[in-house]
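Biologist: Please show me the model, and let us then examine the terms used to describe it.

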Amino acid sequence: MCRPSVPDMTNTAVQPPPQPTTGRPPLRTRSRAHAWPLLPLGTATMLFAVGGRWDIAAAAWIFPVLLLRFTRLSRVWSGALWIWAAHLAAAVFWVQESAIGFNPVVFAGALALAALQTLPFLADRLLTARLRPAPAALVFPAAVAAVEFLITLVSPFGTAYGSLAVTQHADLPLLQVIAVTGPWGIGFLIAYAASTVNGLWERASWRGALVCTAVLLSVLLAGGARLAFFPPQSTTVRIAGVTPARTVTDTLKTTLARFADGPAGVAAAPAAEVRPAMTAVEDDLLAATRREAAAGAKIVIWPEEAVRTREPDEAAAIAAARQEARRSHVYLEIGVRVYSAAPPAYGRDEALLIDPRGTVLWTYQKAHPIPGSERFTPGDGHVPVVRTPYGRLANVICYDADFPALMRTRADIMLVPSHDWKEYGAAHTDKAGLRAIEGGYALIRQDAEGVSAAYDDEGHVLATSDYFTTDRQTMVADVPVHGVTTVYDRIGDTFAWLCLAALAALTGTAVVRPRRPAGR
């Protein structure tokens with residue numbers, strides 16, 4: 001009987017079981033050691049994309065790529081803590097470069113805003129591993145747009161800080177998308193690009209990159225087509241913005257600085273101590289109005305708090321402006337700072353529009369006093385609109401323009417008397433210019449101690465003037481008298497709400513799905 005043969009196993013390797021095919025490229029190996037250089041690089045880049053005077057447009061596209069990569073390579077909660085610290089550093093940098101000065105409200109706001117801005121990175125870190133690549137790529141952009149929107153709802157800072165759209169203020173083809181989405185569309189696109197780059201970094205899959213590229217090119221082409229084929233074509237009106245001469249302004253500043261107790265002291269001061277300096281400013285503004293009317297201006301706008309008057313003298317100051325409007329036959333918008341004895345604000349911040357017959361068409365109270373700086377009682381937030389031979393005129397004051405919902409008004413020309421300072425004036429005017437594209441109207445921002453500018457409804461700069469480069473800041477622009485009705489004006493913040501809904505849906509999907517294996 002022959003012994004049965006036994007197969008030789010000495011050179012036979014044990015084969016691993018076959019791996020399931022997912023149709024997705026495998027994830028590249030993650031190394032936390034490579035994460036740490038990304039954090040300082042991303043933070044340093046973010047300092048130049050905070051809506052300040054040193055912004056660089058490209059920085060807004062770069063820093064999310066670096067910081068998002070850092071969070072994906074880091075542990076969940078330690079990574080989120082570092083991202084919060086990075087955003088806090090950016091907020092502090094913005095406060096310093098803008099010369100705002102720290103106070104309890106500003107510091108608390110910086111802490112809270114940094115926490116909110118960390119949420120998109122945390123959401124991406126928690127959710128993307130449980131989603132397929134296509135929906136995973138939408139987590140970060142939807143969260144960024146949603147958080148930018150929520151900041152305007154839950155904080156008193158509006159879009160003054162935390163909105164990426166203003167970093168792209170010079171890119172008009174890109175900015176046209178905000179006429180549909182509001183400013184949140186820019187944040188979405190920037191974050192979408194960052195998410196796509198990180199997906200490409202991890203998987204080397206080009207499908208998502210091609211989709212993102214197609215979306216960005218479509219937005220740019222559509223924006224360029226709007227600028228090329230649908231420029232503003234209505235008749236124009238000559239509008240002049242005038243600011244008091246430096247000499248009378250400096251004299252008034254010196255006079256008011258004598259009162260250590262501030263507005264309360266000014267309100268209680270003897271008339272002989274403050275009235276001459278206040279009257280000199282008023283006379284200078286009236287003379288400038290008369291000069292610009294003689295040169296052909298039909299609408300004249302003074303800056304915020306151009307006229308400073310004690311409450312007993314307010315009626316006389318307004319009467320002088322009414323008389324000048326009749327004499328020069330212009331629509332005259334005046335900013336008035338009233339000093340009163342009523343605490344805690346000891347006064348009011350208001351703007352009046354006077355027609356060529358000398359009739360006061362509205363008296364508007366500032367709806368959003370600057371948090372931590374102004375104690376004025378807010379106005380009712382109703383933006384006044386009046387029909388004139390030069391279209392529908394509307395009016396807000398300075399910081400009000402940082403709130404897109406307030407600025408969504410059916411108007412043709414929006415007047416924005418403002419009062420900034422050297423370090424922040426230009427950046428704040430750039431922010432206000434976005435409202436013109438969103439609302440489909442021309443916007444005139446006359447800024448005392450800042451940069452004044454006039455924009456048409458597509459964001460073109462029609463005129464500009466810097467208070468600090470001239471002895472007398474006068475800005476003259478020929479402004480279209482008919483605006484357009486934008487999609488954003490009709491649907492409001494629908495895009496932002498859709499981003500919130502999408503984020504909720506993605507979160508729900510991720511919760512019920514098992515975690516995706518990291519790959520070998």
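Biologist: How do the residues of the lining of the largest cavity divide into nonpolar, polar and charged?

Modeller: There are 16 nonpolar, four polar and one charged. Ala, Val, Leu, Ile, Met, Phe, Trp, Tyr, Cys and Pro count as nonpolar, Asp, Glu, Lys and Arg as charged, and the others, Gly among them, as polar. This is a predicted model, in which local features need pLDDT of at least 70 and side-chain atom pairs count only at pLDDT 80 or more, while totals for chains, interfaces and linings use all residues. Residues are numbered from 1 along each chain as its sequence is written, and side-chain values use heavy atoms, with hydrogens and water left out.

Biologist: Which residues lie nearest the centre of the largest cavity?

Modeller: They are Phe63, His87, Gln117, Gly162 and Leu164, out of 21 lining residues. H5 (133–154) supplies five residues, the largest share of the lining. The volume of this cavity is about 260 Å³.

Biologist: What is the volume of the second largest cavity, and which residues line it?

Modeller: The volume is about 40 Å³. Thr159, Ser163, Val166, Pro183, Lys431, Leu434 and Arg435 form the lining, which by class has three nonpolar, two polar and two charged residues.

Biologist: Why is isoleucine 56 called partly exposed?

Modeller: Its relative accessible area is 47%. Buried means under 20%, exposed over 50%, and partly exposed in between (1.4 Å probe, protein chains only). Isoleucine 56 is therefore partly exposed.

Key. 1 Å grid on protein atoms, 1.4 Å probe; cavity = no way out; pocket = protein on both sides within 12 Å on 5 of 7 lines; lining within 4 Å. Points joined across faces, edges and corners; volume = space filled by probe spheres on them. Helix = DSSP H or I, 4+ residues; strand = E, 2+ residues; numbered from the N terminus.
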